[in-house]
Amino acid sequence: MIAQTADPMRPYTGRLAGVRDLATGIKLFQVELNEPAGQAAFASCKPGQFAFVSVFGAGEAPFGVTSTPARTSAIEFAVAELGHVTHALHTLEVGEPVGIRGPLGNWFPMEELEGQNVVILGGGIGGAPLRPVIHTILDNRSDYGHLTILWAARSPDLLVFTDEFDEWGSAPDSEFHVTVDQADDDWKGNVGLITQLLEDVEPETKNAVAVTCGPPIMIHFAFLALQKMGFPPGRLLTTLEARMHCGIGKCGRCNMGEKFVCTDGPVFWQSEIAGFLEGFL
Ligand SMILES: Cc1cc2nc3c(=O)[nH]c(=O)nc-3n(C[C@H](O)[C@H](O)[C@H](O)COP(=O)(O)OP(=O)(O)OC[C@H]3O[C@@H](n4cnc5c(N)ncnc54)[C@H](O)[C@@H]3O)c2cc1C
Ligand code: FES
């Protein structure tokens, strides 16, 4: 893990450098930190890590970092408006102060994935922590095998990072497929669950690792479908969300069996969480 502030519960101070709509009720927030120690910590942030974002006067909440330091010095979060803190964040304007505690947790083993085919399944806002995985593969294209991206949302207006679909689909040795559970009048693409799309696309299972993130129910069924297809549990990765308070393994809020999602995860191999995932459904 990467060291953070001397007091791990004290956030680095920063400001909102950019905000844009990503999907209905979901915004992309770009944060620039004021403190050199914070800038240095996030310059080594790895795909899959998360951070707590503080909205002063409202509180803090954890979010997956959706950017890579190779592409931007700002720290980006894709945030769905849900309750107290996320509502306060959605009402902030560019230039306003925020705090960031992190980077926290483990990360996707990108070095281990080198030379392998990678299948990515992103569902809804769950695609956010997978964007750094996609960017890392695209920015180091020859280090990885074939890239298959399967992307999904409940409806077209909930698809995130639509402005990057062309880049993802046109990269060398890569393919991109998208589906929605329910179409609207303008939707001309696939309709159906991501597991159906997976069966239709039938990605190569040899020398391949599948990486999923989305609602727990999606992860559960994606794992079942991937295993049926020939992926053993040791070739399936996911990142989990849990109710969190401290994010540093002290409060016991996020435990899953003997594991803490905040410090042992949030990234897990399916073999590590078999039997526990059902508790999240
Ligand atoms: C490691 C990690 C990464 C995350 N990444 C993202 C991300 O990239 N983008 C994003 O939008 N959200 C992400 N989340 C979820 C995010 O933390 C919650 O949406 C946020 O804490 C809600 O805060 P709030 O104050 O707005 O909602 P609250 O007012 O606290 O709650 C509103 C409602 O949401 C429920 N809720 C709150 N937290 C969670 C949770 N963790 N899981 C399920 N239900 C919850 C509450 O029970 C309540 O019903 C992540 C969570 C974790 C632990
Ligand atoms: S959030 Fe406190 S132990 Fe994980």
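Residues are classed as buried under 20% relative accessible area, exposed over 50% and partly exposed in between, with a 1.4 Å probe and protein chains only. The structure is a predicted model, in which local features need pLDDT of at least 70 and side-chain atom pairs count only at pLDDT 80 or more, while totals for chains, interfaces and linings use all residues. Residues are numbered from 1 along each chain as its sequence is written, and side-chain values use heavy atoms, without hydrogens and water.

Strand 2 (residues 26–33) is largely enclosed by the rest of the structure, because six of its eight residues are buried. Strands (E, at least two residues) and helices (H or I, at least four) are DSSP runs, numbered from the N terminus. Two strands are taken to pair if DSSP finds at least two bridges between them. Strand 2 pairs with strand 1 (residues 12–23) in the antiparallel sense over eight bridges, and R15 has E32 in strand 2 as its bridge partner. The two residues between strand 1 and strand 2 complete a hairpin, and G25 in this turn has a positive phi of about 75°. Strand 2 also runs antiparallel to strand 5 (residues 75–80), to which six bridges join it; here F29 stands opposite F77.

F63 belongs to strand 4 (residues 59–64) and is buried, at a relative accessible area of 12%. The C-alpha atoms of F63 and F52 lie 6.2 Å apart, with the two residues 11 apart in sequence.

E112, by contrast, is exposed at 52% relative accessibility and is located in helix 3 (residues 110–113).

Key: Chains are lettered from A and ligands numbered from 1 in the order in which they are written.
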